[in-house]
Structure formats: C-alpha cells, structure tokens
Amino acid sequence: MKIIIVNGSARKGNTLAAIEAFSEGAKSKNEIEIIQADKLNIGFCKGCGACEFHKGCVDKDDTNSTIDKLVEADMIVFATPVYWWGMTAQTKLVIDKCYCRGAQIKGKKIGVLVPGGSPVDATQYELIKNQFECMASYLDWNILFYKPFYANGKDEIRNNAELVKKITDLGSRL
Ligand SMILES: Cc1cc2nc3c(=O)[nH]c(=O)nc-3n(C[C@H](O)[C@H](O)[C@H](O)COP(=O)(O)O)c2cc1C
C-alpha cells in the first residue's frame with residue numbers, strides 16, 4: 001500500500017517516535033511518506049464554498065498538493081498528540097481543507113496514533129476516537145487501528161522498548 005502519515009506534532013517527541021516505530025514495521029511491504037503538517041503553508045478553511053465550483057481549493061498554498069497526496073494514498077495515518085482534549089490545530093487544518101475534495105478521499109484505510117499526557121482511559125482519547133469515527137462514517141473510511149498512548153515527556157515512547165515494539169508490530173501487520 002501507499003501509506004501517507006500526517007504528523008500533527010511540531011516536536012520531535014512522542015508522535016514522531018510512534019511514527020518511526022510504525023514505519024519501521026510497515027516499510028518492508030508498503031511505501032510510506034510522512035507529511036509534516038506544521039511545515040505546510042496551509043491557510044485555514046474560510047468556508048467560502050468556491051471549491052464546489054473549482055477543481056479544489058482556490059487558496060494558492062499547499063492545500064491542493066497535500067490533498068493530492070492523500071487522494072493517491074491507499075491508507076492515511078493521522079498521528080496527533082492530544083492538545084486540549086482534541087487533535088492538534090495543524091492536524092485539523094489539513095482535515096478541514098479536505099472539505100473541498102472529500103469525495104476523492106472516500107473509502108481510504110485509516111490509522112490513528114494519539115499520544116497524550118494522561119492515562120489512556122481519559123476522556124480525550126474517547127473524544128478524538130469519536131471524531132475520527134464520525135469522519136469515517138461520513139467518508140466510508142475503514143479505520144484499521146486507533147491507538148492512544150500515555151506519554152508526556154519528549155522521549156517517553158522512544159525510551160519504552162516494549163511500547164516501541166508494539167507500535168512496530170502494528171506496522172508489520174499491514
Ligand atoms: C498545548 C498542549 C496541550 C495539551 N493538552 C493535553 C490534553 O488535553 N490532554 C492530554 O492528555 N495531554 C495534553 N498535552 C500533552 C501532550 O499530548 C503530550 O505531551 C504528548 O506526548 C505530546 O506529543 P509530542 O511529544 O509528539 O509533542 C498537551 C500538550 C500541549 C503542548
């Protein structure tokens with residue numbers, strides 16, 4: 001499969017460690033590309049509706065080229081730390097901008113990696129899961145995995161060999 005991973009963290013911390021472990025497992029059988037969301041020049045969706053009449057977003061920024069990559073992918077992995085009980089703004093920015101071409105990303109396989117600073121039974125992971133499940137229902141996505149992690153310090157995942165192996169195994173199964 002062609003797998004696009006949207007990294008919704010700007011820090012070289014837990015989200016990146018989870019992405020690296022996942023990629024390590026998935027890379028032998030799949031083609032992987034990581035989109036670093038914070039490095040994109042993407043303006044927020046203004047809800048102008050012009051995309052309904054154009055071939056995509058009218059913003060002259062990275063919106064359409066980013067969505068092109070999502071459209072070409074068989075699987076999209078959203079990797080976002082929890083910020084204020086939700087996904088990060090840069091992750092949401094990419095998702096919001098898919099509005100103009102939502103039909104083109106229907107039916108994708110989806111994975112979600114979510115590190116947060118609270119134990120995995122906390123409300124935020126359920127809220128984020130619900131949000132992805134609603135999107136999945138709207139866009140006929142097939143969520144292959146939703147994986148929350150309790151990790152706060154920058155290197156907590158990287159220093160947890162058992163957890164790294166679990167995430168690598170997750171990738172290996174694809
Ligand atoms: C602005 C901000 C808001 C946060 N909000 C939450 C939160 O609501 N719930 C939570 O469990 N962790 C929260 N955290 C902790 C991060 O999710 C956690 O440290 C995570 O491991 C960061 O991932 P990273 O190393 O990839 O940046 C927050 C961190 C920041 C910087």
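Helices, of at least four residues, and strands, of at least two, are DSSP runs numbered from the N terminus.

**Figure 1. The fold of the predicted model**. The protein chain has five helices and five strands. Along the sequence they follow the pattern β-α-β-α-β-α-β-α-β-α. The radius of gyration is 16 Å, close to the 16 Å that the globule rule gives for 174 residues, so the protein chain is as compact as a globular protein of that length. Along the principal axes, the C-alpha atoms fill a box of roughly 50 × 35 × 30 Å.

Figure 2. The ligand sits in the second largest pocket.

**Figure 3. The make-up of the shell around the ligand.**

Figure 4. A polar backbone atom of Asn14 lies 2.8 Å from an oxygen atom of the ligand. For Trp85, a polar backbone atom is likewise 2.8 Å from a ligand oxygen atom.

Figure 5. Ser118 places a polar side-chain atom 3.0 Å from an oxygen atom of the ligand. Taken alone, the ligand exposes 650 Å². The protein buries 78% of that area.

Technical notes: Residues are numbered from 1 along each chain as its sequence is written. This is a predicted model: local features need pLDDT of at least 70, side-chain atom pairs count only at pLDDT 80 or more; totals for chains, interfaces and linings use all residues. Side-chain values use heavy atoms; hydrogens and water are left out. A polar contact is a pair of N or O atoms within 3.5 Å; within protein, one must be able to donate a hydrogen and the other to accept it, and residues adjacent in sequence count only if both atoms are side-chain atoms. Accessible areas come from the Shrake-Rupley method with a 1.4 Å probe; for residues, only the protein chains shown count as cover. On a 1 Å grid over the protein atoms alone, a cavity is a set of points where a 1.4 Å probe fits but cannot get out, and a pocket is an open set with protein on both sides within 12 Å along at least five of seven lines; lining residues have an atom within 4 Å of a point. A molecule sits in a cavity or pocket if more than half of its atoms lie within 2 Å of its grid points. The radius of gyration is taken over C-alpha atoms; the globule rule is 2.2 Å times the number of residues to the power 0.38.
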